[in-house]
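Trainee: Please pick one part of this model and walk me through it closely. Then link it to what else you can show me.

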Amino acid sequence: SPCRFEIEGAYDEVYTAVPEPGWIHDAWERCQTPVANQCRFDISADVVTDFSGAEIPGAVARFRRPIEPLFRDGSDRFVTPEGNAGTQLRWLLNELPKSQTTIEEIRARFSSDFLQSIPANEIQQAIDNLRASVPDPEISDLIIATPIRVSVIIHNRGSSETGFSVALGAGYTEDAQITSFAIRAGFPRNGTNVRSEDRELNFAQLDEILQGLADKTSMYVARIENDQCQAIYQRNSSEPLLIASIYKLWILGALGREIEAGNINPEERLPLAGKDVVNAGAPINSEDLGTQLSIRDLANLMIGLSDNTATDHVARRVGRENLEQTLQVFGHSNRDRMLPFLRANELRNLHFSIPPETARDYLNGSNSQQRSILVNEIVPLGPFITGDFNNLLFSINAAWSASGQDVCKAYAGLRRFDNRSAEFDLVANAAGASSVFLGTRNRWDRVWQKGGSHSAGTGDRFVLTLSWLLESDSKGAFVVVLMANNENLRTIEDSSRMFSLAARAERLLAERF
């Protein structure tokens, strides 16, 4: 409740936020010196006199409900996620205790296109082999949970034997048939993505290896407390680097703000529109144009699978102005480099569809000049199909960029939404759709993740960025950001090593706190 009073003389007070049972203190807002759940004001009498008659906004103690981990039941066991892929995974797990899966059942469950590549009898044999090893399956870890793709680790219930990875894709529409299916053996409980040579390294040693992987690198490990990022380890954390698909965090934030304002309903449906189809990095493209997709599912695909078509649909619905305002609201310190806020198709057309001289004019122009070129030259091109030019080498600098600190502030902004609200529910399910790493969800109550990469068309990455929000009620909230950029589009030679370094950073935080 608001508490208003007048101040006379020196003002030296400490307030303590004490939550009611069933609540947790989350942050202080507008506090001069917040430390954990205490807020201190230390203002001299001279300053109070100078501001006599002024109305100072009051400090606010913000509370929240405890975290409810995603994809868990009341007994804290993993459950199959919602959506068609989750439905098909549930069918598979229910099949394993049975004596046999018939060819007819397989033909009913798997798409005809998939059965042309892998015959039904081979799928039957793969399921039989899995059944022989895991007749009483339980999900021991959940890696990806989206409406059209899921990835889990399964073990025999209560067993310490080695388990299996099961990755499954399904169509978005009503028939929901399986479109991809893969089983891999060799997954122990509490497995790790950390290479053996990285398992004893500290943050500084991880960073030393990171620096050898690319021309420009950055590492930022921070704690979020009272909505502020407090560095635990940092190097080059304030310099903006190319971030690739991490830019989608700000689109998610803008969507959350529009839901909060009552302008968008999470269950609103958008038709899959040709004008926003991106011909790369978009699994949803396999659906027919006109397919109705909910805002909730589009957001989940945008973050969980980094689906570029889903991203451009959300970005158009939210609007460029709201996207750019969100950069400011979330405290992006390199905001000018993100303006105008480009959609994926627009960036690809800048790289490949406009003459080099126009692309250079865009790159070197003022904000108003860039917007003029965007509106008059780039937007009319529509969805990128193929280009007559290659401006990538010099125009890549117009791509989305941020510092490690900016990325941390984006996560801090996302978790500021009221955690009992519709907007937070959408944000949490989208940001938490993919953990990437083994065992991470078993060590933290909340795992949000977004990464990205740029390639020169051959699949070889010259930009690779990784980021996580890791949070538990008992440990606190932490962010890990690793970024690598190579100049002149040179390939990052051992990009997979970055995943091991990041996985070790996560384990260090889990062990330390």
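Mentor: Start with α7 and α10, which are roughly perpendicular to each other, because their angle falls in that class (65 to 115 degrees; under 35 is roughly parallel, over 145 roughly antiparallel, the rest oblique). This is a predicted model, where local features need pLDDT of at least 70, side-chain atom pairs count only at pLDDT 80 or more, and totals for chains, interfaces and linings use all residues. Residues are numbered from 1 along each chain as its sequence is written, and side-chain values use heavy atoms, without hydrogens or water.

Helices (H or I, at least four residues) and strands (E, at least two) are DSSP runs numbered from the N terminus. α7 covers residues 248–260 and α10 residues 320–329. They pack at about 100 degrees, axes 9 Å apart. Axes are lines fitted to C-alpha atoms, for helices over the stretch in contact; angles run from 0 to 180 degrees between N-to-C directions.

Contact means heavy atoms within 4.5 Å. From α7, the residues include Trp 250 and Arg 257. From α10, they include Leu 323 and Thr 326. The contact has six nonpolar, four polar and two charged residues.

Now the sheet. It is open, with five antiparallel strands in the order β11-β10-β18-β17-β16. Strands pair if DSSP finds at least two bridges between them. β11 and β16 are the edges, each pairing on one side only. The twist averages 15 degrees from one strand to the next. Helix α6 packs on this sheet, touching β10, β11 and β18. Its direction makes about 150 degrees with that of β10. β17 and β18 pair over 10 bridges.

Conventions. Ala, Val, Leu, Ile, Met, Phe, Trp, Tyr, Cys and Pro count as nonpolar, Asp, Glu, Lys and Arg as charged, and the others, Gly among them, as polar.
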